[in-house]
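Here is a brisk report on one protein model.

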Amino acid sequence: MRKVLVLGLVLALPAVMNAGRLIRIPMNTDSDFTLVRDMGYEVTAGSRSAGWVDVMVNQRFVDETLARYPEAKLLPLEWSELLPETDNGEMGYYYGPNDNALFWAELAETNDMVDTPTSYGTSFQGRDLNFVRITNAPAGSPAILFTALTHAREPGGNSVLIDWAQWLTTEYDSDTMATFILNNAQIYIIPIVNPDSYVYNSPSGGNQRKNMNYTVPVASSGIDLNRNYSYQWGYDDSGSSPNPYSETYRGEFALSEVETLAETQWIDSIQPLGGFHYHTYGGKLLYPYGYNNSPTPHQSTFQSWASQMTELNGYEYGRCGEILYDVNGDAVDWSYGASTHSPMLFYTPEVDDYGFWGSQNDTTLIVTNNLECRYMNKLLCMNLLSMAGIGEETSAQFDGAAFGITLQSNPVSAVLGYTVTGASSASVSILDVAGRVVATPSEGSWVIPENLQSGVYFLRAESGSHSTTELFTVLR
Ligand SMILES: [Zn+2]
């Protein structure tokens, strides 16, 4: 992955803010997990089925925690230890706030399909909340949205979106899926949902997760934006706290924060089909409902897409409550349940970083995470477009309008339809690249059979002495 180098940013190392360590505690039973939670630890990741939970522990309590859980181990990565070893920019191999500004401005400048970052609101401390749009589709085409850094100590999600934007724009016109996606969808990206805290966490590193609104109701340490969305806000205290000092403090009321309010109003205005709200870490793919662990009416879609999207990376998927514990007031529940139009199919990927800053000076890990998530991004877009009935359309017409054909195909969804008009007799066949007939679809909407492997095919239509051939691609 290309890295924007920011020269002149070799900074002195101030005292580490929010000094804390991650400790991984094995769990054999659900009651082990309950005990850990009841001790008041801040759980940062984990899986009941895999039998582990990570907690963030203040430096002062590290020894005590390790003594309490003899099987536990200290995760070796800590920002303050790593920073002096790296000179790759603001945040090592992650893109810091200034790196992001440079990257997105340059991408827009050098590519007609990328809009200049545009503000949809203002953060608590007065920073622009920006989105970027990438598309070559006609106006009014469906929107798909990707966000990152709602939690400011999770830069791995931002890396994935930088890689994604770079891949889409670089591969347009040569990669089938990149071309299809940008020809048919408006891809929206919010690289940094919570910019105040991301700036706070840089350059010396930090573990600020919430926003920087320290004012209400007491001089606390911010509000957890991913507990502040309005659908079933404050449903209960599972994974969402009324205590201002908690890392999961949900705020005084739903959408109390300018960051969530501006974002949800803007999302309602673009009405995306769905997307990913990126977080880290742990290698998970979560879908709603989070607040009470009940399935949504789209459960089978969420599940089958998740199964397909995680084939490459092996992420554990399911509802939050199935994997670890219920949460309320998060962005995927809002996206699905509370938007003012039809439900948006959003997931929360938890990128498989090693702790929050695990890829800071590990190019192998960051590139692996980006590639694994790029695959999910591609499939999600293709599935959403397929669900919306969007395909490439080509048409042909013979002399005298004796015979017209329309080919509608979406490479991944494997839906192809054709209609014949104005011909007394016509036949249509599907041929492989060797010219062998592999299928003879009947008129109307036709689903490409399961046994048709990925590859390039031809659709040939014949009527009397006339014929026409159209090329299409199948991707499994
Ligand atoms: Zn998060």
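This is a predicted model: local features need pLDDT of at least 70, side-chain atom pairs count only at pLDDT 80 or more; totals for chains, interfaces and linings use all residues.

Asp163 and Arg374 join their side chains in a salt bridge, 3.0 Å from N to O. The two residues sit in distant parts of the chain. Asp163 belongs to helix α5 (residues 156-171). Arg374 belongs to helix α12 (residues 363-387).

## Other salt bridges

The structure holds 12 salt bridges. One of them pairs Asp30 with Arg48, with 3.7 Å between the closest N and O atoms. Asp30 lies in helix α1, whereas Arg48 lies in the loop between β2 and β3, so the pair ties together parts that are 18 residues apart in sequence. How accessible are these two? Asp30 is partly exposed, at a relative accessible area of 46%. Arg48 is also partly exposed, at 29%.

Asp224 and Arg209 meet in a salt bridge too, at 2.7 Å from N to O. Asp224 is in the loop between α7 (195-201) and α8 (258-270).

## The four-stranded sheet

Four strands form an open sheet in the order β2-β3-β1-β4. The pairing is antiparallel. Which strands stand at the edges? They are β2 (42-47) and β4 (73-74). Each has a single partner strand, so one side of each is left without a neighbour in the sheet.

Strands β1 (residues 20-26) and β3 (residues 52-58) run antiparallel and are joined by seven bridges. Within this pairing, Leu22 has Met56 of β3 as its bridge partner. Helix α1 (residues 30-38) packs on the sheet. This helix touches β1, β2 and β3. Its direction makes about 15 degrees with that of β3.

## Ile25 in strand β1

Ile25 is part of strand β1. Is this residue buried or exposed? Its relative accessibility is 2%, so Ile25 counts as buried, the cut-off for buried being under 20%.

What does Ile25 touch beyond residues up to four places away in sequence? The contacts are Val36, Gly51, Trp52, Val53, Val55, Tyr69 and Ala72. Take Val36 from that list. Ile25 and Val36 are 11 residues apart in sequence. Their C-alpha atoms are 8.7 Å apart in space.

## A β-α-β unit

Strand β12 (residues 284-287) pairs with strand β13 (residues 316-319). The pairing is parallel and covers four bridges. Lys284 stands opposite Glu316 in β13. Together with helix α9 (residues 299-309), β12 and β13 make a right-handed β-α-β unit.

## Asn111 in a loop

Asn111 is placed in the loop between α4 (97-110) and β6 (118-122). Its relative accessible area is 16%, so Asn111 is buried. Where does its side chain find a polar contact? A polar atom of the Asn111 side chain lies 3.0 Å from the backbone nitrogen of Met113.

Note on methods. Residues are numbered from 1 along each chain as its sequence is written. Side-chain values use heavy atoms; hydrogens and water are left out. Buried means under 20% relative accessible area, exposed over 50%, partly exposed in between (1.4 Å probe, protein chains only). A polar contact is a pair of N or O atoms within 3.5 Å; within protein, one must be able to donate a hydrogen and the other to accept it, and residues adjacent in sequence count only if both atoms are side-chain atoms. Two strands pair if DSSP finds at least two bridges between them. Contact means heavy atoms within 4.5 Å. Axes are lines fitted to C-alpha atoms, for helices over the stretch in contact, and angles run from 0 to 180 degrees between N-to-C directions. A salt bridge is a side-chain nitrogen of Lys or Arg within 4 Å of a carboxyl oxygen of Asp or Glu. A crossover is right-handed if, with the strands pointing away from the viewer, the path from the first strand over the helix to the second runs clockwise.
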